Amino acid sequence: MQDDLLKDARAAFELARAREADNRAEALDDLRFARLGEQWPQTVRRDRELDGRPCLTINRLPAFIRQVVNDARQNKPAIVCHPVDGAADHATAEIFNGLIRNIEQSSDAEVAYDTALDFAVTGGFGYFRINTRYADDSSFDQDLVIERVADPFSIYGDPDSTAADSADWKSAFVVDSLNRAEFEARWPGAETSSWQGDVGGGRETPQVRLAEYWRRDQVETTLLALSDGQVVEAGVYQAQKALFDRLGIQVVGRPRIVSRPRVRQYLLSGAEVLETVDWAGRYIPIVPVYGEELLIEGRRVLRSLVRDAKDPQRMFNYWRTTSTELVALAPKAPFIGRKGAFESDAAKWATANAQTHAYIEFDGPEAPQRQPFAGVPAGALQEALNASDDMKAIMGLYDASLGARSNETSGRAIMARQREGDVSTFHYIDNLSRAIRHAGRILIDLIPRVYSTPRMVRVLGPEGKPGLARIQPGAKPSQPEGVERIYDLSVGKYDLTVRAGPSFTSRREEAANQMLELVRAFPPVAPVVGDLLARNLDWPGAEEIAERMAALLPPAVKGVDPQVAQLTAHLQALGQELSALKADRSAEVRKLEIAAFEAETGRMKVTSNG
């Protein structure tokens with residue numbers, strides 16, 4: 001069994017290595033060229049150095065790379081969970097959101113995202129991974145973490161994958177080296193044989209190379225529908241059949257056979273399987289961030305931002321070196337004169353172009369004449385400028401995007417040119433968002449399985465405010481009023497979206513600026529939005545000011561239910577109408593009383609006259 005697994009793993013690794021050979025070679029060349037400045041061909045550099053000629057490297061590519069990577073750092077994609085079915089609810093979705101934020105913060109996920117994007121922009125691909133670790137040294141509870149992959153060349157993905165986010169990966173390898181002494185201490189008695197050959201080419205070395213082999217298989221399982229509405233696996237039902245019988249729960253309907261993914265991790269040396277781990281989730285927890293992706297004749301080609309800009313960079317180096325060389329090797333402006341004119345003060349004349357002398361004497365009636373400097377080689381400098389423009393045109397990042405002065409004069413024109421630069425490189429940031437979306441999918445799948453025991457977990461709000469939530473499988477979704485809610489993360493289905501945009505701090509500052517502009521344009525709104533404005537200002541005591549201003553708000557703005565307010569207004573209108581009707585009724589009665597009084601007065605007059 002172990003031999004078959006090793007055989008299959010070696011065959012899968014060789015296939016992955018063969019499929020990725022071209023991409024990895026190109027990526028390594030891009031990294032050395034753009035980041036290490038290895039931009040002169042070795043033969044050309046050697047010949048020039050033997051001749052004593054300069055080889056200048058003026059590397060302009062890191063500025064373009066930083067423009068794309070730092071733009072992504074300012075617009076962090078955020079994972080947002082949403083309920084999908086009737087068993088899910090918004091309150092539990094917020095717990096998922098807060099827990100994912102806490103996982104990202106506690107494991108420095110920003111470093112993992114930034115590193116992966118940096119490699120994708122520079123070399124064409126980068127990776128980050130999701131793992132588990134114990135919550136502390138005195139507990140069996142585990143937490144999820146997002147880890148950076150500092151060496152993307154250590155990972156070999158599924159060669160048959162076509163998805164852009166590794167959701168369809170069926171295999172993956174992570175190759176790393178371990179100190180020989182640590183290897184022997186961790187696996188005593190195991191053969192110290194490196195994966196796919198020794199690191200030192202067969203000789204004794206202090207390092208042993210190991211491979212994590214991730215494999216995703218489909219396994220069939222039988223589902224049973226029970227009379228109480230539960231759906232359980234046949235194995236679970238058989239194990240607890242006595243309990244179900246006592247409760248009077250029976251199987252109803254026909255069983256259903258389904259196929260589910262099973263992920264396992266094998267730790268391999270060159271000779272044996274050292275460890276086997278059943279992974280809790282349904283996805284291989286390694287997430288790629290790709291650069292520019294092409295599928296050509298069934299082969300995935302990954303390209304970086306600088307791939308096509310290397311030739312213009314070489315030309316730029318050559319012409320700047322040539323212009324420097326021409327200026328440096330041009331003779332200093334010489335003096336000419338008749339023969340014998342330099343015999344007096346000959347030593348001073350010999351050093352006239354290198355030293356300053358108060359005076360120099362000459363022989364003969366005519367003073368020596370200085371010849372003018374030939375000038376800077378304009379042709380070489382123009383070619384260097386052309387190469388610089390070629391780099392900008394190839395990558396789509398012009399002077400405005402790099403913060404340099406260009407021919408735009410108005411702020412609107414500068415922003416338009418910057419926006420064009422953002423559009424030309426947006427696919428890198430979009431690929432990062434796609435990768436983080438898949439990471440969120442992995443986290444949503446893992447959270448109910450990893451956080452499967454009753455415990456208190458730390459959650460973070462959108463503004464980074466920490467809180468605690470109690471989770472427990474089997475908890476009731478509704479709790480009596482005044483009792484802390486207990487959340488069951490295993491119930492219900494949840495989906496997610498990734499929202500790319502500025503960080504919460506940037507959005508808060510922008511909101512404060514927009515509110516200030518609104519108050520300036522329409523001052524009467526200040527009493528209504530004053531508490532919101534104070535809450536978004538970065539002051540000491542801003543929260544206390546916001547609470548005091550909120551206390552001054554009229555009742556209609558303090559959050560009165562709109563339906564209640566509408567009913568109250570309707571009742572007030574009815575009251576006024578009733579008062580008006582009563583007033584009208586009183587007037588009619590008064591009129592009748594007056595008429596009756598007048599009639600009685602008239603009758604009495606007639607009687608007295610008669």
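## The whole protein

What percentage of the 610 residues of the protein count as buried? It's 36% of them, where buried means under 20% relative accessible area, exposed means over 50%, and partly exposed is in between (1.4 Å probe, protein chains only). Keep in mind that this is a predicted model, where local features need pLDDT of at least 70 and side-chain atom pairs count only at pLDDT 80 or more, while totals for chains, interfaces and linings use all residues. Residues are numbered from 1 along each chain as its sequence is written, and side-chain values use heavy atoms, with hydrogens and water left out.

The secondary structure comes to 17 helices and 18 strands; these are DSSP runs numbered from the N terminus, with helices being H or I of at least four residues and strands E of at least two. The accessible surface is about 36,100 Å², and 53% of that belongs to carbon and sulfur atoms (Shrake-Rupley method, 1.4 Å probe; for residues, only the protein chains shown count as cover). Now take the contacts between residues at least 6 apart in sequence: 67% of them join residues at least 24 apart, with a contact meaning heavy atoms within 4.5 Å.

## Rings that pair up

You'll find 15 aromatic pairs in the structure. Rings of Phe, Tyr and Trp (its six-membered ring) pair if their centres lie within 6.5 Å; planes under 30 degrees apart count as stacked, over 60 as edge-to-face and the rest as tilted. Take F13 and F173: their ring centres are 5.3 Å apart and their planes sit at 75°, so this pair is edge-to-face. It links distant parts of the chain, since F13 is in helix α1 (residues 2-34) and F173 is in strand β5 (residues 171-179), 160 residues apart. F13 is buried at a relative accessible area of 3%, and F173 is buried at 1%.

Then there's Y213 with Y266, whose ring centres are 6.0 Å apart with planes at 35°, so that pair is tilted. Here strand β6 (residues 207-226) supplies Y213 and strand β8 (residues 251-268) supplies Y266, 53 residues apart. Both of these tyrosines, Y213 and Y266, are buried. Step back and you'll see that ring pairs link F13, Y156, F173, W195, Y213 and Y266 into a cluster.

## Charges over rings

Elsewhere, the charged end of K348 sits over the ring of Y359, at 4.2 Å from its centre. To count, NZ of Lys or CZ of Arg must be within 6 Å of the ring centre and within 35 degrees of the ring normal.

## Helices that cross

Helix α4 (residues 90-106) and helix α13 (residues 426-450) have axes that come within 11 Å and cross at roughly 100°. The two, α4 and α13, are therefore roughly perpendicular (65 to 115 degrees; under 35 is roughly parallel, over 145 roughly antiparallel and the rest oblique). Axes are lines fitted to C-alpha atoms, for helices over the stretch in contact, and angles run from 0 to 180 degrees between N-to-C directions. On the α4 side the contact uses F96, L99, I100 and I103, and on the α13 side L443, I444, I447 and P448.

Helix α1 packs against helix α5 (residues 109-123) at about 95°, with axes 8 Å apart. So α1 and α5 are roughly perpendicular too. A27, D30, L31 and A34 of α1 meet F119, T122 and G123 of α5.
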